[in-house]
Amino acid sequence: MFMQITNIVVVVILPVIITYLKGHLFTLIGATTVCFVYSMIFLKLWSYVQVNMWCRQSYFMRQYNPRERRPSITLAQLKNGQLNEPDDNDEDVPVLVQYPDNLCYRDMFYFLFAPTLCYELNFPRTTRVRKRFLLKRLLEVIIGVNVLMALFQQWIIPSVRNSLIPFSNMEIGLATERLLKLALPNHLVWLCFFYLTFHSLLNAVGELLHFADRNFYGDWWNARNIDIFWRNWNMPVHRWCVRHIYIPVVRMGYSNSQGSCIVFFVSAFFHEYFVSIPLQTYKIWAFLGMMGQIPLSTLSKSIERSLGPRMGNIVVWTSIILGQPLSIMMYYHDYVVTHFKEALNSTTYNEL
């Protein structure tokens, strides 16, 4: 247990150390990609270790209790008249992997590349690769990346730069106008990023790996409150949080609300991790924004009960549209102040 905990902690700390020591070698997109990949490996290794620990405990319990009831036969075995052990040569009957036969490099590397964060000994698999479907998803990825870069360079960067002076001088009216001007392109980029990641990229990876579970997102756009939004917009992360944080914490004796707060705390940490490490600007705006989802969830539920689900949905969309550009403006201001402090002292904001 000590070795496993040390390993996953090193995985999440390594990008922090390297970025701090050699940050000039990384671009912003490169450092963000590194943090994202290492965070994904951290979550996957956590799931891999914990699931195999559960399997190991069940395995030893079966050894010490030989009278334990055998697992039921599968429907395929019943249809083929196999009431005993299935024949290894029968290709129509799927043979399920049992612990500890899953402990091999092939199984672990498949899980590391699979579009899921929750480990299973037996993933649902497809029988073939749909070439036309895969080609569509790959074209969407290529086109989507170019659309994102165009929107980011031509629309978001000028808007963010124009927000620096009024935001620094605390000109409320002008800063609000810049915030609303940034909200539209930021929301378009966020929607494109969502479609590109959760529909195009993950489906393409799943198709290549014969991964059959494609439930990557739900209808978050119809969410009546903040809780429903966070449960539906990123299903792999939601399932991981419920399985590996929420349920174990509740089983330890904590209440449901305390378990939800711990889940939001972990999520807030990684949101701050994705922003502060690449920018090398260590603030807590993203962390506070995620922790602020807890009272916002209570507020949205209250509005849903009193004014109806449509008003609750408006609260959800308002938080999405206005919260992200406000965070971008705050981090851009802090980034400029942190890394260009000498330039600010010798030049004006317009020259910068």
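W190 is buried, and W220 is buried too. Buried means under 20% relative accessible area, exposed over 50%, and partly exposed in between, with a 1.4 Å probe and protein chains only.

This is a predicted model, where local features need pLDDT of at least 70, side-chain atom pairs count only at pLDDT 80 or more, and totals for chains, interfaces and linings use all residues. Residues are numbered from 1 along each chain as its sequence is written, and side-chain values use heavy atoms, without hydrogens and water.

**Aromatic rings**

The structure holds 32 aromatic pairs. Rings of Phe, Tyr and Trp (its six-membered ring) pair if their centres lie within 6.5 Å; planes under 30 degrees apart are stacked, over 60 edge-to-face, and the rest tilted. Here are two of the pairs.

| Pair | Centre distance | Plane angle | Type |
|---|---|---|---|
| W190 and W220 | 5.2 Å | 75° | edge-to-face |
| Y273 and F274 | 6.2 Å | 70° | edge-to-face |

W190 lies in helix α7, while W220 lies in the loop between α7 and α8 (226–232), 30 residues apart. Both belong to a cluster linked by ring pairs, which also includes F194, F198 and W317. Y273 has 5% relative accessibility, so it counts as buried. F274 has 27%, so it counts as partly exposed.

**Helix α7**

Helices are DSSP runs (H or I, at least four residues), numbered from the N terminus. The expected span is 1.5 Å times one less than the number of residues. Helix α7 has 37 residues (172–208), so it should span 54 Å; its end C-alpha atoms are 51 Å apart, which agrees. Just after α7, H210 takes a positive phi of about 60°.

Key
Helices (H or I, at least four residues) and strands (E, at least two) are DSSP runs, numbered from the N terminus.
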